[in-house]
Amino acid sequence: MTRPADALAGPLAGSAFLKAVRGEPVPHTPVWYMRQAGRSLPEYLRVREGVAMLDACADPDLVVEITLQPVRRYGVDAAIFFSDIVLPLKAVGVDLDIKPGVGPVVAEPVRTVADVERIPDLTPEHVPFITEAVRGLVGELAVTNGGTPLIGFAGAPFTVASYLVEGGPSKEHARTKAMMFGAPDVWDALMRKIAGISAAFLEVQVAAGASAVQLFDSWAGALTPADYEQYVMPHSARVLARVGQLGVPRIHFGVGTTNLLPLMAEAGADVVGVDWRTPLGHAIPLVGDRAVQGNLDPTLVFAPADVMTARAAEIVEAGRAARGHVFNLGHGVIPSTDPDQLKRLTEFVQSYPVE
Ligand code: 1CP
């Protein structure tokens, strides 16, 4: 089994991705894409035919295949584990489903401390299929494109809480924030519960060989800095601190977080993910001596190739001011994206001069 510390010192140590996150000189700017696996790929649609999302996530052979698909097609510098932020909740017994075209739907939304207490903590025994999938992947990735690191991930407490409290996807997160402002005891219990589950889910992936982790706080941008700092940051910080003890680099990402970047960095990130609304040159001084990840507007892949690559060049140039830079989109790949455009983008970024 590959241990995390070995992953940093071992055969993947020379990978552009791991060098960039550690702030070391890179052979080229590394690139991967959030949601690089998924509906934009015809080979994904083929293997997912007739298989429900959560069933796919629980099938190690399918997880290995789907995770590898974009690595083979694009030659990206990192793989992102194919799973979902609500998978660990499902694994401990929360009644939820991922509905096609909708997203996660929770049968009995959380309202009270008793509701929180009914959710078990996650142990590795809840997710043997995750351990199996990560081990299988790490073996395959070691010999893919000269060695490709695997990024494990989990949802951050606020973003996961939003699904548990709203019962499904939400724009305003109104019930979630009402609990946060109006029922601090329930909120605190819920955030502690999710922080424990997310940390344990990351620990399982790292123990099985993941080289880095990303904590997705996709909806944190709904909060003011003061509310983020008081109600959310301590819980995300606990997740990141637990993973920090394992010695793997931690990426912390959210959407619409221009005002939160210093706090998201301080929460315990080695790399701060930046969405496309914040120019990278603006973000870099806000995150301290840390690497950044991002941040091409995901709609730019629908523009002519020369327009897309000109914007990508600006981002690579801006990234030079950071301790390290991992190129990515500013949020996930849009399902109607043309994979050929992402291939062009990948080749462009990887061949762009680093100095
Ligand atoms: O059947 C399908 O194909 C369903 C679509 C889908 C996929 C491909 C969902 C439902 N989840 C996933 C995989 C997934 N989810 C990955 C791995 C693939 C990769 O990145 O290549 C990851 C990292 C996630 C994480 C995730 N799930 C986040 C955080 C990232 C982000 O995009 O901000 C969130 C918010 C979710 C919830 C979720 N799951 C699925 C959907 C459609 C949603 C979003 C719903 C909403 O808008 O609230």
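Tutor: A polar contact is a pair of N or O atoms within 3.5 Å; within protein, one must be able to donate a hydrogen and the other to accept it, and residues adjacent in sequence count only if both atoms are side-chain atoms. The model is predicted, so local features need pLDDT of at least 70 and side-chain atom pairs count only at pLDDT 80 or more, whereas totals for chains, interfaces and linings use all residues. Residues are numbered from 1 along each chain as its sequence is written, and side-chain values use heavy atoms, with hydrogens and water left out.

Student: How far is an oxygen atom of the ligand from a polar backbone atom of R35?

Tutor: R35 belongs to the loop between α2 (16-21) and α3 (42-48); helices (H or I, at least four residues) and strands (E, at least two) are DSSP runs, numbered from the N terminus. The distance from its polar backbone atom to a ligand oxygen is 2.7 Å.

Student: What is the phi of R35?

Tutor: Most residues other than glycine have a negative phi. R35 is not a glycine, yet its phi is positive, at about 60°.

Student: Which residues are closest to the ligand?

Tutor: A residue is near a molecule if one of its heavy atoms lies within 4 Å of it, and 25 residues surround the ligand. A side-chain N or O atom of Y44 lies 2.7 Å from a ligand oxygen, and a polar side-chain atom of R48 lies 2.8 Å from one. The closest residues are Y44, D84, Y163, S218 and H331.

Student: In what order do the seven strands of the open sheet lie?

Tutor: Two strands pair if DSSP finds at least two bridges between them. Strands β5 (residues 212-216) and β6 (residues 250-253) run parallel and are joined by four bridges. The pairing in the sheet is parallel, and the order is β1-β4-β5-β6-β7-β8-β9.

Student: Which are the edge strands?

Tutor: An edge strand here pairs on one side only. The two are β1 (79-80) and β9 (325-329).

Student: At what angle do the axes of α8 and α11 cross?

Tutor: Axes are lines fitted to C-alpha atoms, for helices over the stretch in contact, and angles run from 0 to 180 degrees between N-to-C directions. The axes of α8 (residues 128-142) and α11 (residues 184-207) come within 8 Å and cross at roughly 35°.

Student: Which residues of α8 and α11 make the contact?

Tutor: Contact means heavy atoms within 4.5 Å. The residues are I130, T131 and V134 of α8, with F201, V204 and Q205 of α11.
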